Amino acid sequence: MGIKSDSWIRRMAQAHQMIAPFEPGQVRRQDGNPIVSYGTSSYGYDVRCANEFKIFTNINSSVVDPKAFDEGSFVDVQSDVCIIPPNSFALARTVEYFRIPRDVLTICLGKSTYARCGIIVNVTPLEPEWEGHVTLEFSNTTPLPAKIYANEGVAQMLFLGADEVCETSYKDRSGKYQGQTGVVVPRT
């Protein structure tokens with residue numbers, strides 16, 4: 001298994017719409033202002049966060065249960081920034097839509113700009129033949145409010161090529177998050 005390079009990422013995005021919309025280089029400025037970068041890097045792709053957020057709140061004193069998650073525990077926000085309360089989290093989604101090849105596993109890691117502020121990005125692996133907008137979870141580990149910027153880089157996708165093609169892909173088993181759009185909460 002090997003990690004895929006920038007030239008492979010560009011080829012797959014252009015020929016197979018693996019990432020859409022796709023940025024072939026690194027964008028570091030918008031309208032002349034510095035931003036948290038996004039686009040193709042040496043061995044990965046830096047994704048952007050869309051402007052749709054679900055901010056966790058416990059106003060209903062709910063129990064956090066992955067088998068029966070109470071959607072009333074979220075406040076929906078559409079904005080260019082998201083303020084995450086101290087010691088809380090928010091869900092968002094990528095601007096980019098992904099179509100993962102059958103012989104590739106994709107791992108997501110947070111960008112250092114956010115990690116150095118105590119903001120952790122968590123995403124489960126994108127399995128072979130999964131497609132959709134990626135749901136992003138931002139944890140604010142600090143005792144202060146934390147800010148996330150929409151339409152700027154938030155995490156990096158790494159593409160790992162398999163030594164052989166899997167017998168059963170995410171698409172083959174009709175995974176519950178296949179083709180997701182928008183910010184998707186836990187499904188059972």
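This is a predicted model: local features need pLDDT of at least 70, side-chain atom pairs count only at pLDDT 80 or more; totals for chains, interfaces and linings use all residues.
Side chains of opposite charge can pair when their charged atoms come close. With a salt bridge taken as a side-chain nitrogen of Lys or Arg within 4 Å of a carboxyl oxygen of Asp or Glu, the count in this model comes to 8.

One of these salt bridges joins the side chains of Arg-93 and Glu-52, with an N to O distance of 2.9 Å. The pair links distant parts of the chain, since Arg-93 belongs to strand E9 (residues 89-99) and Glu-52 to strand E6 (residues 52-56), 41 residues apart. Arg-93 has a relative accessibility of 13% and therefore counts as buried, whereas Glu-52, at 25%, is partly exposed.

Strand E6 also contributes Lys-54, whose side chain meets that of Asp-76 in a salt bridge of 2.8 Å, N to O. Because Asp-76 is placed in strand E7 (residues 74-78) and Lys-54 in strand E6, this pair ties together parts that are 22 residues apart in sequence. The two partners are set in opposite surroundings by the accessibility cut-offs, under 20% for buried and over 50% for exposed: Lys-54 is buried, with a relative accessible area of 13%, while Asp-76 counts as exposed at 56%.

A further salt bridge is found between the side chains of Glu-127 and Arg-173, where the N to O distance is 2.4 Å. Glu-127 lies in the loop between strand E11 (119-122) and strand E12 (131-140), and Arg-173 in the segment after strand E14 (153-161), so that parts 46 residues apart in sequence are tied together by the pair. Both residues are partly exposed, Glu-127 with a relative accessibility of 28% and Arg-173 with a relative accessible area of 42%.

Arg-48 is located in strand E5 (residues 44-48) and, because its relative accessibility of 12% is under the 20% cut-off, counts as buried. The side chain of Arg-48 is joined to that of Glu-96 by a polar contact of 3.1 Å. When neighbours within four places in sequence are left aside, the residues in contact with Arg-48 include Arg-93, Thr-94, Val-95 and Glu-96, as well as Asn-151, Glu-152, Gly-153 and Val-154, together with Pro-21 and Tyr-38.

Note on methods
Residues are numbered from 1 along each chain as its sequence is written. Side-chain values use heavy atoms; hydrogens and water are left out. Helices (H or I, at least four residues) and strands (E, at least two) are DSSP runs, numbered from the N terminus. Buried means under 20% relative accessible area, exposed over 50%, partly exposed in between (1.4 Å probe, protein chains only). A polar contact is a pair of N or O atoms within 3.5 Å; within protein, one must be able to donate a hydrogen and the other to accept it, and residues adjacent in sequence count only if both atoms are side-chain atoms. Contact means heavy atoms within 4.5 Å.
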